[in-house]
Amino acid sequence: MPAKKTDNYKIKYMSTFEIVMPKMGESVEEATITKWFVKEGDTIEEDEVLLEIATDKVDSEIPSPVAGTVKEIRFNVDDVVAVGTIIASIAMEGEEGEPEEKSVPSEKAASAAKSAPKTQSAKPTIKEEGLKVEARVSEATSDRFYSPLVKSIAKEEGITLTELDKIPGTGKEGRVTKNDILTHLDNRKSAPRESAKKAEVPPKPAPPKQDVKAGTSDVVVEMDRMRKLIADHMVMSKQVSPHVTSVVEADVTNLVLWRNRMKDEFMKKYGEKLTFMPLFAEAVAKALRDFPGVNASVSGDTIILRKNVNVGLAVALPSGNLIVPVIKQADQKNLTGLASEINRLANAARENKLSPDDIQGGTFTITNFGSFQNIIGTPIINQPQVAILATGAIEKKPAVLETPTGDVIAIRHKMYLSLSYDHRVVDGALGGFFLKRVADYLEQAKLDREI
């Protein structure tokens, strides 16, 4: 570039920052580009929206982490791109440097600059700046934080973000340290023959899609993008996890009577609608603390016991599709906090205003069949979780009650709870005990509970 002249000559340095397809969720491996807001040659500011992407979980606008000029756009609208793939590059304009007299330094000056020791106040190199920005991007788009050193090692060794996410971390809050990634590399290199054998085995072909002919009076409706992604996700879940479903019937009479009595006062005091879902989520969160083996994921031959209890709620959208926003740290919220968060997430989902963070990090899912007046169901696990609970409709039923004076028949409020779980790691005993514990918490609701 031409030098800018003031009292002395100054040079502006240019560098390129690469934009990669972000990781929008724990089980998300790819996303579809639905819209570009910029074109090559456009000048953009930091945090200006670059493009919109879509997954089976959420649609998101992706901002630029840097200011500069759009140098290259590598993919078009409707292209499906793997996580971690470079999708665009931004030419950044660096800070101005000040040679003593000339726009191009003399050989003597260049030699002196090369041999001069670096100081703490020296301007970071483009590579260092890139690593810092890359780390910030990682924090925003991945479920885990990775230091610049770890990301640098991963890049040099060809470790993808998906593989990096699977490395157990021994650092603070489970972070991957330098030793963790070096140990992973040693283990990977120690089994070259096994890797070679796996490479020689051709990938298992995807099951063929059924070709059904439509009749002359039939109406053919093309699946929208989200429905296609949901379909693929559901098929994948059934292929990955051997599903088993257990069912219990819970007597929730006290829960119903208390909620009916307190819902108006709850609205008046907190300004929040009190549905049954916060009560279900509260019972589930307690049971997950009691049985951590259900609050887990499977990675190869290892089981990851999740530290956080993040409960996802399946929400039906006006389009007929489903989305699963997540209540973070559900076990640490009281009933008011759960009701407020559930109402916020449900409204945001229906208005298509969920953020990427709202749908990430789920460790267990609840789906409410009762909202459609269904009494029971066998839901499909939301990968990479290992279990999902379905809550059925609450109905009045005659039931036999034991009293000090003998058995009596009374009208009670009852509902079915059904738990689908991954039989690779959740056996019938664990699944059964967990499901019964959820029912126990619901049945033990106190009529004199304060709000």
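Reply:
**The open sheet**

Four strands form an open sheet in the order 6-5-3-8, with antiparallel pairing. Here strands are DSSP runs (E, at least two residues) numbered from the N terminus, and two strands pair if DSSP finds at least two bridges between them. Strand 6 (59-63) and strand 8 (80-82) are the edge strands, each pairing on one side only. On average, neighbouring strands of this sheet are turned by 40° against each other, direction ignored; the axes are lines fitted to C-alpha atoms, and angles run from 0 to 180 degrees between N-to-C directions.

The model is predicted: local features need pLDDT of at least 70 and side-chain atom pairs count only at pLDDT 80 or more, while totals for chains, interfaces and linings use all residues. Residues are numbered from 1 along each chain as its sequence is written, and side-chain values use heavy atoms, with hydrogens and water left out.

Within the sheet, strand 3 (residues 30-36) pairs with strand 5 (residues 49-54) in the antiparallel sense over 4 bridges. In this pairing, Ile33 stands opposite Ile53 of strand 5.

Two loops deserve attention. The loop between strand 4 (43-44) and strand 5 holds Asp47, which has a positive phi of about 75° although it is not a glycine. Asp47 is exposed, at a relative accessible area of 56%; exposed means over 50%, buried under 20%, and partly exposed in between (1.4 Å probe, protein chains only). Asp78 lies in the loop between strand 7 (68-73) and strand 8. Its phi is also positive, near 80°, in a residue other than glycine, and Asp78 counts as exposed at 59% relative accessibility.
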